[in-house]
Amino acid sequence: MENYGKEILRILLYDSALNRQSLQVDPESQPIDYHHSKHPSAPAGVEFEDLKRAVRSVQRFLGEAIRAIAAESRSRRSSPSILPVELFLWVVKDVLADTDRHRNAGYYGQLTKLCLVCKEWADIIHGFPELWTQVNISSSREFPPEILSRSRDLPLDITYHLDLRSIAVGSITSESHRWRSLDIRSDRVYAIGSLLTRRAPRLQELIIIGSGYWASSTETKVFEDIAPELKVVTLRGCGLPWRSPILSDLKKLSLWKIEEHFPKLDALLDILASSPRLSELVIVTTRIQLGSDTSSRRVKLPNLRSLRVEYLYPEAMKAVINSIDVPLFATCIFSTELGYDEEVAVELADVSERLVALARGVGNDSATLTLKPPSMEIAGRYPGDEQWDAVLKYEPEGNRLGPLTITVNTYPMKHVGIFSYLSGRIQPYTKASPPKLRLAEIHSSIQDDEDTSLLLTLNRIFPNVEEIALVERRGSRGMLDVLRRLFTQPAGASPLFSSLTTLAIYGWSHRDWVTWLQREWERICNRGSVSFLHRNLTLRLEGGSGDTDGLQALQQRAAETLALYNVQVEWEPQRTQLEEAR
């Protein structure tokens, strides 16, 4: 039913504008025919075609919806000429769903426009309190009280994104018993005491994004220590009294870029220990104060489904990861930095323990290992830039074990050593069932040099791999280097990945490598040699594009083992036009 609300609203607005009559749809009526409309004027040109398409797209849906609710809704129509109230309100809520709840001009601007269409619409919208529960206290002094009145006693979603001194908040704070969510985004966090010191018995979500520290003392009571329904807390750039009882029994906790008034590790673990139903934990670029002994405590989170720990100081990252018992079905994301002189095995030992646990759990089942090196082709980059990220992702198949992503921000020349270490840690557990390899945007390397060639390194660690996928989006020469090494062997060299049965290629353009492959075929055939596709290798192309001649030649050479999925043929329209002209 996606986008149906907007299509229906277009029809309603068009019909209402013509003689101020609302659209009337009978479940048993024939499809609307605007070619023979009785209205004094009907749409023409592009607008008419758009309207016809809109009518066709919603006609069936309208009939089914009205039939389902017609029996109980006939007595509740606001006038003989309007849709059932339930369906009309569904349309309005669907239209408002895409507006920015943080901007009154967006949400209430749309609502006000709908109220101006006609009196029937205004009466229904004004009388439906669920449409008036979002309150932006950064607006005018008059607007929030009006919204509060129309929302009656329903829970409220409060947002504040401007200077608190420029608005009146008395009417909002007096309704703190109705707050359902509180979203504060300001550089004047210290000024929000009037909001955070009121009881909030129905508050479910708290978001504070800013800088500084709002409380004058660590003894300050947040919401007077009364927020029993609070389940989601997101803090970015600012801290709270970390021993506050409101930080318990949480389901989601996110800490972002907190460099001042940051928590002690013990306080953080107390929060986690008091939240056994926690399902999502995020700690990114946040300082954690360590105690004298950080190795003796471990908190179990049996319901945790998502853990994200990124770019903490090395000792803090090690302490956080080692202090949390994470279920194997959880999705984990770990990101760290590695200096030029730092040892890979030392710095990544704790981060990679999760990788070992997953590989041991996979056993004889299947898993996919994705490797994406940092770029060496983009000049002017420095550590800290995402282009320097070496990314490894391990994805066991099925739902029993969750995926793990490890990102190491480092100098590009260290990426082979990083992948060699991390892959080597799971190698002992993958001999019977090697992972499927997925190599994303690998770059050129020195041939036959294992220190720079990721392919040679992986062949040493996983020689029995049966499936490899190559992903190339930028059109670098890395793809050609891999194919040359897979298909053409130096004199006396053993073939790489001798058990390989499937090679999948995902590329934005297949032209260059297909052209190279065709030339290599011709060169080998002219020498009377056997094609280097001597193995029963399935070659699978997915996405991207290729020229007609190259793809046809590929099909002729590997007709039985070639598979194409969503590959666009280049120049095909032009070729067709020339043939038609002839």
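Student: In which helix of this predicted model is N322 found?

Tutor: N322 is found in helix α10, which covers residues 314-322.

Student: Why is N322 called partly exposed?

Tutor: Its relative accessibility is 32%. Buried means under 20% and exposed means over 50%, with partly exposed in between. The value for N322 lies between these cut-offs, so N322 counts as partly exposed.

Student: Which residues does N322 touch, not counting those up to four places away in sequence?

Tutor: N322 touches R298 and D350. As for V351, N322 is 29 residues from it in sequence and 9.1 Å from it in space, C-alpha to C-alpha.

Student: Which residues of helix α5 are buried?

Tutor: In α5, residues 119-126, the buried residues are W121, A122, I124 and I125.

Student: What puts them on the same side of α5?

Tutor: They cover an arc of only 165° around the axis, and therefore lie on the same side of α5.

Student: What makes helix α3 roughly perpendicular to α5?

Tutor: Helix α3, residues 85-96, packs with α5 at an angle of about 80°. Angles of 65 to 115 degrees count as roughly perpendicular. The angle falls in that range, so α3 is roughly perpendicular to α5. The axes of the two helices are 11 Å apart.

Student: Which residues make the contact between α3 and α5?

Tutor: V85, F88 and L89 of α3 meet W121, I124 and I125 of α5.

Student: How many residues of each class does the contact of α3 with α5 have?

Tutor: The contact has six nonpolar residues, no polar and no charged ones. Val, Phe, Leu, Trp and Ile are among the residue types that count as nonpolar.

Note on methods
Residues are numbered from 1 along each chain as its sequence is written. This is a predicted model: local features need pLDDT of at least 70, side-chain atom pairs count only at pLDDT 80 or more; totals for chains, interfaces and linings use all residues. Side-chain values use heavy atoms; hydrogens and water are left out. Buried means under 20% relative accessible area, exposed over 50%, partly exposed in between (1.4 Å probe, protein chains only). Helices (H or I, at least four residues) and strands (E, at least two) are DSSP runs, numbered from the N terminus. The arc is that of the directions from the helix axis to the C-beta atoms. Contact means heavy atoms within 4.5 Å. Axes are lines fitted to C-alpha atoms, for helices over the stretch in contact, and angles run from 0 to 180 degrees between N-to-C directions. Angles under 35 degrees count as roughly parallel, over 145 as roughly antiparallel, 65 to 115 as roughly perpendicular and the rest as oblique.
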